[in-house]
Amino acid sequence: MSSEATYLDDILAAKRAELETVRPGNTSWQQLDALLAELPPCRDLWGALAGGHKPRAIAEFKRRSPSEGPLRESADPKHIASLYVAAGAAAISVLTDRHFDGSFEDLRTVRAAVSVPVLCKDFIISRSQIIRARQEGADAILLIVAALEPPMLRDLHNFATDLGLQCLVEAHDDHEVERAMAAGAKIVGLNSRNLQTFEVDLDNIIRYRPDVPREGFLYVGESGIQDRKDVRRLRAAGVDAILVGSVLMRSEDPGAKLAELIAP
Ligand SMILES: O=C(O)c1ccccc1NCC(=O)[C@H](O)[C@H](O)COP(=O)(O)O
């Protein structure tokens, strides 16, 4: 990593290089309509997160991470996803980016194994990635505010919506929350992990909660959640859902750990 670039910058540069080698030609709306007619409808992430006991959990399948290294490298996605759902996960997030040893094969396996919505967790910077995610079975995608200029964020949000996908739009501070909502986001995530230093500060999730209206929006607290105490604090702050990965994947029993975290 260069001294000024953030880790996110480096991941995005790698993503751009990767896309250069596989970029398909422009897909017409006619071709997209034909494609959509072949695909099953997306499962409803909003619906899964809006109802029931709060916070709802998006449990993440993550083999390794840049900040923590190996977590559970040879894990079976079908097994882990089934444990998550049995423990009460409202949705499953699957890393598909190679910096996490992720893949679309993992996403497809999880989608086939469970009936809850599946979030494609990647660094999306182009329409072609959104088409791919939809084809591979994603019900929802992540869009990262820091990775996209405002017009592009809005364009990708609209494009994903047109394909039937819902978007979790990730912010890191109040300015990014504002940009997320200006782009049309209804499901706003606040990532507590600083992608430059990897420092985690759950207080940021609580700090920026008032920036997202409670009516018509969902607020998701992302990253760094470790125990019931953390979840209790986020619940008290009015967080609608949590996105949690590492602590589950590292745990001897990921299902039991999730059940413990979200128990009323
Ligand atoms: O997790 C990382 O190390 C990471 C590094 C660089 C960019 C993104 C990263 N994580 C993506 C995520 O959003 C998390 O996987 C997700 O919020 C779950 O976080 P955690 O419970 O801390 O695994």
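Helix 4 (residues 77–86) and helix 5 (residues 104–113) have axes that come within 9 Å and cross at roughly 45 degrees. That angle makes helix 4 oblique to helix 5, because angles under 35 degrees count as roughly parallel, over 145 as roughly antiparallel, 65 to 115 as roughly perpendicular and the rest as oblique. This is a predicted model, in which local features need pLDDT of at least 70, side-chain atom pairs count only at pLDDT 80 or more, and totals for chains, interfaces and linings use all residues. Residues are numbered from 1 along each chain as its sequence is written.

**The helix pair**

- Axes here are lines fitted to C-alpha atoms, for helices over the stretch in contact, with angles from 0 to 180 degrees between N-to-C directions.
- Helix 4 and helix 5 cross in a right-handed way (the near helix is turned clockwise from the far one by less than a right angle).
- On the helix 4 side, P77, K78, A81 and S82 make the contact, and on the helix 5 side D106, T109, V110 and A113 do so (C-beta atoms, placed from the backbone, lie within 7 Å).
- Sorted by class, this contact has four nonpolar, two polar and two charged residues (Ala, Val, Leu, Ile, Met, Phe, Trp, Tyr, Cys and Pro count as nonpolar, Asp, Glu, Lys and Arg as charged, and the others, Gly among them, as polar).

**The barrel**

- Eight strands close into a barrel with parallel pairing, in the order 1-4-5-6-7-8-9-10 (two strands pair if DSSP finds at least two bridges between them).
- Neighbouring strands of this sheet are turned by 25 degrees against each other on average, direction ignored.
- Strand 8 (residues 187–191) runs parallel to strand 9 (residues 218–222), and five bridges join them.
- Within this pair, N191 stands opposite E222 of strand 9.
- Helices (H or I, at least four residues) and strands (E, at least two) are DSSP runs, numbered from the N terminus.

**Around the ligand**

- The ligand is surrounded by 18 residues, and the closest are S65, S67, S223, G245 and S246 (a residue is near if its C-beta atom, placed from the backbone, lies within 6 Å).
- Strand 10 (241–244) and helix 11 (246–250) each supply at least two residues of this shell.
- The shell divides into seven nonpolar, seven polar and four charged residues.

**Two backbone details**

- The peptide bond from K54 to P55 is cis, with omega near -5 degrees, and P55 lies in the loop between helix 3 (45–50) and strand 1 (56–61).
- D101 sits in the loop between strand 4 (91–95) and helix 5, and its phi is near 55 degrees, a positive value in a residue other than glycine.

Notes. Contact = placed C-beta atoms within 7 Å.
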